[in-house]
Each structure stands twice: as C-alpha cells, then as structure tokens.
Amino acid sequence: MAIAKAERLMNLALCLLGTRRPLSKRELRESIEAYLEAGSDDSFNRMFERDKDDLRELGLVIATVENIEGEVGYLARRDSNRLPPITLDAEEAAALGLAAKVWQQARLAGAASGALQKLRAAGLPEDVDPYEAHGALEPRIPVHEAAFEPLMLACRDRRPVLFDYRKASAARPEPRHVEPWALECWRGHWYLAGFDRDRGAERVFRLSRITGRVRSRGTGFTAPVPDVVTVRETVASWAGEIADRSALIRLRSGAGYPLRAKATKVRELGNGWDELEIPYGHGLDAWLVEFGPDVVVLEPAELRADVVDRLRAVAKG
C-alpha cells in the first residue's frame, strides 16, 4: 500500500510539474492509472484531495486556477518549485536551527524538522548540527489555538476561509469570510491579518476568539495582497498602544503586570490596590476587560463607560 501511494504521488507530481496549463480533475484522472481504477467519483475525489494535501505538505507549491468557464485546474509551476543553490556557513545554519527549535513544542515541529532535512539535502554542511548550536537558548512560541494550523495552510495556499468570531464586546460569535494574508504572534497571542469580504476592508483577528472549525470557501482572492502586512502595528493601534491621552485606573496589588509595564505613574493606595496612570488610545477598553475584577477605571468617564458596556456584554453571553 505504501509503495502504491508513493507511486501515485510521484505520478501526480510529474503531471503537475510537466504541464504548461492547468489540468482539471478530469484530465488528471484520465492521466494517472491509479485514479482510473478508483471505484467511483467520490472515491477518486477523496483520493485526489488527500494526495494534493500530501504533496503540499512535502513542499510542492500547487497553484489552483479557475478558467473563464469556471472549471478549476491545477499545476505546479517550475519556477515556484525550484530552489537556487544553497550555501550556508556555520552561523547561518545555527540561526536556522534556532528558528526551527522555536517550533519543537508547537504544531509545526514536524514541518520544522522536515525543512532542516531538506536543507541538508540541498547542501547544509554535515558537520553542523543546527539543533545543538547555542543550546543554552530555549525559545518557545506557544500554539494552542485549533485555528492556527488550518489558517496557516490557508495563508500559504491563498485560500479564503470562513469562521465564527467573537469580538470582545459581543455576546455571541459572528461568521467572518476572510482572505487570509499572514499570521503573527504578538505578546503571547496569535493574530491573523486578512481581507474581510463582508466588510470590504483589512481586518486583524485574534485566534483565541475564533470559535468552531475554520472552513475553506472557494478559490482565489478578490483583493490584492499587500507587499508588507503590518500585523503588529495594526494590533497595537487597536490595543491602545498608539495613545494620545492618559487614563487613571486602580489595579489590584500583585496583578496586571503588563499594565504596570506601561504605566507612566504608580501610587500605592493601600488595602491591596495601586493607582496607575497609563497611555490611553483606541482599544484600551478591550484590553482592560481582560483583567476582570483586578482593574477599576477611574477616568476618563468615556473609557469607564466603554469597559462597563463590554463587561455587561460578556455577562449576558
């Protein structure tokens, strides 16, 4: 069975690499013997989708193209699947090993290990062990959200997705139809940047607020992907990082260390509370809500009202 599958994958890869135009499922089925032997259309479709995903996991870049008649075709362009000669010195190999080590406790551990194996095949020096270099450093990027892996693949393959998303101020999640651009970790949380089709604009989504399953929807993007996707800058602007005023809050002693790090003034009030002056910008109310009963907003009045509204919405949910 393993040999038969490997042969089938090889034949599919050769077909996709050897064509100058996109091949439809029908044409691929007629070209590969194993697909001709599939018992039914459903059996073939399941086999083809699994094989296509397996090839992508192995690193083959497969383009999905829709012709003027609406028929979907597939091809693997040679220029997208050819690596230039790779030469790495010891320091460069160590940097790659350190980057790969970041993912050893996350869901990308297999992909990171596979990438290093491919680099060895492409010329990584045999006497360099990327995992051993700078062994005193133990970087970690936590990936706990179930939405991470399907969104990562959707970003890579340029596939629109549909998911349910609960805003901090909303009692219930709402469906979002998004063209995903990039994922980025910022202050311990993962965010997705992309084009929200329903709102017709760029949006950033926190993965921990995605509920349910991420589903693929259609092929092709309707909006251009920017050359540079500034996830951190966008998140910062929505998290009160770009501030033009100050806010006064009470904070429980021993709590809210991220708020303490941002504070411009701190005064002990006694009875287990401190008074902090922090920068106030757009989105600060959503951030303060995350600290629950450990934070009380003193001023300005509009910030206090916004925090109360968000807490009420959460309580109703």
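**The sheet and its aromatic pairs**

At a relative accessibility of 7%, Y165 counts as buried (under 20% relative accessible area with a 1.4 Å probe, protein chains only). The model is predicted, with local features needing pLDDT of at least 70 and side-chain atom pairs 80 or more, while totals for chains, interfaces and linings use all residues. Residues are numbered from 1 along each chain, and side-chain values use heavy atoms, without hydrogens or water.

Y165 lies in strand 4, part of an open sheet of five antiparallel strands in the order 7-6-5-4-8. Strand 7 (201–206) and strand 8 (210–216) form the edges; each has a single partner strand, so one side of each is left without a neighbour in the sheet. Strands are DSSP runs of E, at least two residues long, and pair through at least two bridges. Within the sheet, strand 5 (174–186) and strand 6 (189–196) run antiparallel and are joined by eight bridges. In this arrangement, A182 faces A193 of strand 6.

The model holds nine aromatic pairs (ring centres of Phe, Tyr or the six-membered ring of Trp within 6.5 Å; planes under 30 degrees apart stacked, over 60 edge-to-face, the rest tilted). Y35 and F44 have ring centres 5.2 Å apart and planes at 75 degrees, so this pair is edge-to-face. Y35 is buried at 0% relative accessible area, and F44 is buried at 4%. The pair of Y165 and F205 is also edge-to-face, because the ring centres lie 5.1 Å apart with planes at 80 degrees. This pair links distant parts of the chain, since Y165 in strand 4 and F205 in strand 7 are 40 residues apart. F205 is buried, with 1% relative accessible area. Elsewhere, ring pairs link Y35, F44, F48 and Y74 into a cluster.

Conventions
Helices (H or I, at least four residues) and strands (E, at least two) are DSSP runs, numbered from the N terminus. Buried means under 20% relative accessible area, exposed over 50%, partly exposed in between (1.4 Å probe, protein chains only).
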